Amino acid sequence: MRSSRFFAAIGAAALILATTAACGEDSSSGGDASEVEVFTWWTSGSEALGLEALEGVLKDKYPDVKFVNGGVTGGGGSAKELLQTRLTANEPPDTFQVHAGKEAQDYIDAGQVEDVSDLYTKFSLNDVFPQDLVDMLTQDGKIYTIPSNVHRANVLWASIPALEAAGLPTDSAQFASIDDFIKALDTIKQKTPQVTPLTVGNTWTQVHLLETVLIAELGPDKYTGLFDGSTDWAGSEVKGALEKFAKLMSYTNADRESMDWEPAMQMLLDGTGAFNIMGDWVPALLDSKNLVAGVDYLYAASPGTEGVYDFLADSFSRCVGAPHKAGAEAWLDVISSKEGQIGFNKVKGSIPARTDIDLAAEGFSDYQQSAADSFKTDAIVGSIQHGAAATIQQGNDTNSAVSKFTTGAMDAAGITTLQQELAAAFA
Ligand code: GAL
């Protein structure tokens, strides 16, 4: 992974936190190995298939450890709230899905995840992950979670039949900027009024869209500056980006609040939607319907973000107070093993966090191989919605502000309020 301003900023934050008292217990072997309760929001489609792949590896490697699926639907937003309720009530699962970056740091600071440095040694993991990524999971020399994958958030997906029906070209050149994209959306609206130009789902997917607009309008450096105070959330560039976001939202489906990302993406497959901006957990859904890139659908960097990789990574913890510590340890072995990372990522759409896997030789898709190349060469920025650049509180406040805006009039006054609330969230 090439170094970037984003990773440097996260590293600096970890260093500051290193001066505070370390929370979490030391990890210890032993404990109850009869089962492992795994908390994720991977409950349907490709995400559930990814989890199932991991469950299969668990069965092979640890036939006596029963897999208990603690998954909840609702995507990152509501799942994280429920997890917080359980952690606060001292009813933790054995392990849960954590985003690398500010979000992982939150759980470390709260003393909710254990130091698992010894497992890095036990499972020979010390040299297999990119150091920048491990640094995001480390405090005071202790490593608290183990990464399972790396995702890219800023991807535009388009239905080729919908583009053709509206007479639009079927290459990505038309999406060099948000303004170009708006022209394409307008063409869809005029030429094929029965098709929703841009599909979205509920609030978290709208925040996801918003962050890609911020990246496009501010560029990677100024976007990263939003999280270290060097870019003003209250400034005119953010205002311009929010105006573009409002414009994009005007092309979206009215029933968006009722759906998660998958039904919103499904509209492209049903012929009722043309474009969607979503992370690269999408391809597995498209593959499962035997759809072919370049024939049925198009993918490209989200408008205006060519050369930028909006990064997020899932990792797994061992909870402080986990009822089945040895079960959690088995799970961490599974998700970090070569078999686990290959089986999981192939169906999940992400790329392995391990750097010692040959994607071409293992039969990863063309998209995944291209994502792995981009990860090495692009400017890396951190996702707000997916916890790399934003703390849990900042993520929650962003979701509330965006929800208030998109369920309201989405007018100039709404943009002003949204900007004030975002500025307050990251103050
Ligand atoms: C992200 C998570 C991904 C994927 C996505 C959609 O937050 O990191 O692995 O699950 O949500 O649910």
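The side chains of Glu217 and Lys244 meet in a salt bridge, with N and O 3.4 Å apart; a salt bridge is here a side-chain nitrogen of Lys or Arg within 4 Å of a carboxyl oxygen of Asp or Glu. Glu217 lies in helix α9 (residues 203-225) and Lys244 in helix α10, so the pair ties together parts that are 27 residues apart in sequence. Helices (H or I, at least four residues) and strands (E, at least two) are DSSP runs, numbered from the N terminus. Glu217 is partly exposed, its relative accessible area being 30%. Buried means under 20% relative accessible area, exposed over 50%, and partly exposed in between (1.4 Å probe, protein chains only).

The model is predicted: local features need pLDDT of at least 70 and side-chain atom pairs count only at pLDDT 80 or more, while totals for chains, interfaces and linings use all residues. Residues are numbered from 1 along each chain as its sequence is written, and side-chain values use heavy atoms, with hydrogens and water left out.

Lys244 also forms a salt bridge with Asp179, where the closest N and O atoms are 3.3 Å apart. This pair links distant parts of the chain, since Lys244 is in helix α10 (residues 236-249) and Asp179 in helix α8 (residues 178-191), 65 residues apart. Asp179 is partly exposed, at a relative accessible area of 40%. Another salt bridge joins the side chains of Arg86 and Glu37, at 2.9 Å from N to O. Here too distant parts of the chain are linked: Arg86 is in helix α3 (residues 75-88) and Glu37 in strand β1 (residues 35-39), 49 residues apart. Glu37 counts as buried, with 16% relative accessibility. Salt bridges also link Glu114, Lys122, Arg318, Lys325 and Glu329 in a network. The count of salt bridges comes to 19.

Of the 13 residues around the ligand, Trp42, Glu47, Asp314, Lys348 and His386 come nearest; a residue is near a molecule or strand if one of its heavy atoms lies within 4 Å of it. A polar side-chain atom of Glu47 is 2.6 Å from an oxygen atom of the ligand. For Lys348, an N or O atom of the side chain lies 2.6 Å from a ligand oxygen atom, and for His99 the corresponding distance is 2.7 Å. Taken alone the ligand exposes 300 Å², of which the protein buries 99%. Accessible areas come from the Shrake-Rupley method with a 1.4 Å probe; for residues, only the protein chains shown count as cover.

The shell around the ligand consists of six nonpolar, four polar and three charged residues. In this division Ala, Val, Leu, Ile, Met, Phe, Trp, Tyr, Cys and Pro count as nonpolar, Asp, Glu, Lys and Arg as charged, and the others, Gly among them, as polar. Strands β3 (95-99) and β11 (308-316) each supply at least two residues of the shell. At least three shell residues come from each of domain 1 (4-151 + 313-363) and domain 2 (155-310 + 385-425), the bounds being taken from an automatic or database domain assignment.

Most residues other than glycine have a negative phi. Phi of Asp140, however, is near 55 degrees, a positive value. Asp140 lies in the loop between β4 (138-139) and β5 (142-143) and is partly exposed, at 41% relative accessible area. Phi of Asn290 is also positive, near 60 degrees. Asn290 is in the loop between α12 (282-288) and β10 (297-301), and counts as exposed at 67% relative accessibility.

Asp378 is located in the loop between α15 (366-377) and β13 (379-382). Asp378 is buried, with a relative accessible area of 10%. Its side chain is joined to that of Arg152 by a polar contact of 3.4 Å. A polar contact is a pair of N or O atoms within 3.5 Å; within protein, one must be able to donate a hydrogen and the other to accept it, and residues adjacent in sequence count only if both atoms are side-chain atoms. Asp378 and Lys239 are 139 residues apart along the chain, and their C-alpha atoms are separated by 26 Å.

Gly77, in helix α3, is partly exposed at 22% relative accessibility. Gly77 and Ile392 are 315 residues apart in sequence, with 9.5 Å between their C-alpha atoms.
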